Amino acid sequence: MKIGIVCYPTFGGSGVVATELGMALAQKGHHVHFITYKQPVRLDFISNDIHFHEVFVEEYPLFQFQPYELALSSKMVEVVQMYDLEILHVHYAIPHAYAAYMAKQMLKEKGIDIKVVTTLHGTDITLVGSHPNYKTAVEFSINNSDVVTTVSESLKSDTLRLFNITKEIHVIHNFIDFEKYPEIEAPECQRNTIANENERIITHISNLRPVKRASDVMEIFYKIQKVIPSKLLLVGEGPDRENIECQAKDLGILDKVLFLGNSNEVNKLLCYSDLFLLPSQTESFGLAALEAMAARTPVISTNAGGLPEVNINGVTGFMSNVGDTDDMAKNGIFILEDSDRLQQFKENALEQAKRFSLQNVLPAYKEVYREVIVGCC
Ligand code: GMT
């Protein structure tokens with residue numbers, strides 16, 4: 001198949017899923033064309049089946065805002081024609097599904113029937129997409145896609161609740177490529193470079209936006225480290241970084257927190273981890289939790305959105321209500337205080353993550369592509 005993938009090329013989950021999907025498809029011999037404003041950060045695989053097309057927006061004094069959707073839909077039309085693409089798979093509705101609709105109409109004028117698959121990821125529905133400023137256009141572009149998928153049952157329900165949707169929605173969960181996860185005893189995973197022998201290592205990975213409640217991460221860690229000697233690895237950059245750095249200083253724990261910045265090797269960083277914290281306000285799926293579990297790390301999360309589809313309470317970690325940092329810290333201590341118990345939670349986390357392996361999930365996307373091309377179901 002010849003597939004164009006449109007995504008955000010940055011460290012957010014939707015870009016990661018889109019890039020991993022594209023690389024996996026190319027490995028299976030499909031022709032994949034990434035169309036976006038920058039090379040996706042997770043694109044670490046070179047092959048003659050992977051192409052990248054940059055969407056460039058010229059500066060012009062009249063524009064207060066650069067018309068990215070226009071440039072994107074023009075680029076989609078150009079690439080579809082040049083490489084005879086069969087499908088445009090757009091990740092994150094705003095503005096990608098809208099731009100794809102425009103491209104589809106322009107191509108129709110030229111006698112080309114390009115199929116548009118839209119994957120909804122989370123905040124494009126729950127936080128941003130349903131805002132009155134965008135709702136009409138988002139609803140229109142979802143209903144005018146050929147196929148719509150969401151990354152969890154929870155996001156499907158949110159989409160149906162928040163919009164007037166006339167299309168069937170397929171749920172295809174996020175996935176993990178286990179080949180990218182080092183063995184437990186990998187030589188590069190030297191815990192003693194980060195923590196002392198008696199210390200546990202706790203991790204949080206996110207883009208540090210308010211929805212991630214990074215200050216809850218700091219509070220939970222503060223409460224845990226009073227009982228269990230530990231270090232906190234913070235991976236990612238975002239608007240709350242400065243605040244939580246000050247919070248760590250005020251709490252007197254700055255020397256126990258390592259701010260590691262953005263990384264496209266989270267699989268490797270997670271090999272150090274004993275516990276993962278994800279106290280998000282909302283999370284359509286929680287790819288970061290799944291990545292942690294794939295690296296044998298139990299998860300302390302909220303019970304918001306799609307997290308219960310990933311984290312099994314009392315088995316792979318624990319879930320608490322949003323903001324209940326006492327409960328989250330108590331559960332974290334329960335897991336960390338007993339080495340045998342910790343080991344059991346680690347094994348359970350890995351077992352659960354295996355349900356979301358690339359091998360299990362990729363066929364669902366291929367089936368959607370096949371159906372949309374042959375025009376059945
Ligand atoms: O909002 C974000 O955290 C980034 C966003 C994205 O699309 O880049 O993440 C969403 O998509 C991920 C991949 O499908 C999901 O795993 C995240 O749960 C989801 N984030 C939220 O719903 C907050």
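Visitor: Which side chains meet in a salt bridge with an N to O distance of 3.2 Å?

Guide: Think of a nitrogen of Lys or Arg lying within 4 Å of a carboxyl oxygen of Asp or Glu. In this predicted model, R241 and E245 make such a pair, at 3.2 Å from N to O.

Visitor: How many residues apart are R241 and E245 in helix α8?

Guide: They are four residues apart in helix α8, which covers residues 241-250, so about one helical turn separates them. As for cover, E245 is partly exposed, because its relative accessible area is 27%.

Visitor: Where do K346 and D274 lie, the pair that ties together parts of the chain?

Guide: Start with the contact: the side chains of K346 and D274 form a salt bridge of 3.1 Å, N to O. K346 belongs to helix α12 (residues 339-354), while D274 is in the loop between α9 (266-269) and β11 (275-278), so this pair joins parts 72 residues apart in sequence.

Visitor: Are K346 and D274 buried or exposed?

Guide: The cut-off to keep in mind is that under 20% relative accessible area means buried. K346 has 12%, so it is buried, and D274 is buried too, with 3%.

Visitor: What about K104 and D146, how do their side chains meet?

Guide: In another salt bridge, 2.8 Å from N to O. K104 is in helix α3 and D146 is in the loop between α5 and β6 (147-150), so to read this pair, note that it links distant parts of the chain, 42 residues apart.

Visitor: How many salt bridges does the count come to?

Guide: The count is 23 salt bridges. Some residues are also linked up in a network: E20, R42, K180 and E291 are joined that way by salt bridges.

Visitor: Let's move to polar contacts. What does the side chain of H89 make a polar contact with?

Guide: For this one, look for a pair of N or O atoms within 3.5 Å. Here the side chain of H89 contacts the side chain of Y369, at 2.6 Å. H89 sits in strand β4, residues 87-91, and it counts as buried because its relative accessibility is 0%.

Visitor: How many disulfides does the structure hold?

Guide: You would look for two cysteine sulfur atoms within 2.5 Å of each other. This structure has zero disulfides. Cysteines can still be read for cover: C7 is buried, with a relative accessible area of 0%, while C246 counts as partly exposed, at 45%.

Visitor: Which feature does UniProt place at residues 11-179?

Guide: A record like this can hold inferred annotations. The unreviewed UniProt entry gives "domain: Glycosyltransferase subfamily 4-like N-terminal" for residues 11-179. In the model, that stretch is 42% helix and 17% strand, with its end C-alpha atoms 20 Å apart.

Key:
Residues numbered from 1 in each chain as written. Predicted model: local features only at pLDDT ≥ 70, side-chain atom pairs only at ≥ 80, totals over all residues. Heavy atoms only, no water. Buried < 20%, exposed > 50% of the residue type's maximum accessible area, 1.4 Å probe, protein only. Helix = DSSP H or I, 4+ residues; strand = E, 2+ residues; numbered from the N terminus. Polar contact = N/O pair within 3.5 Å; in protein donor to acceptor, adjacent residues only side chain to side chain.
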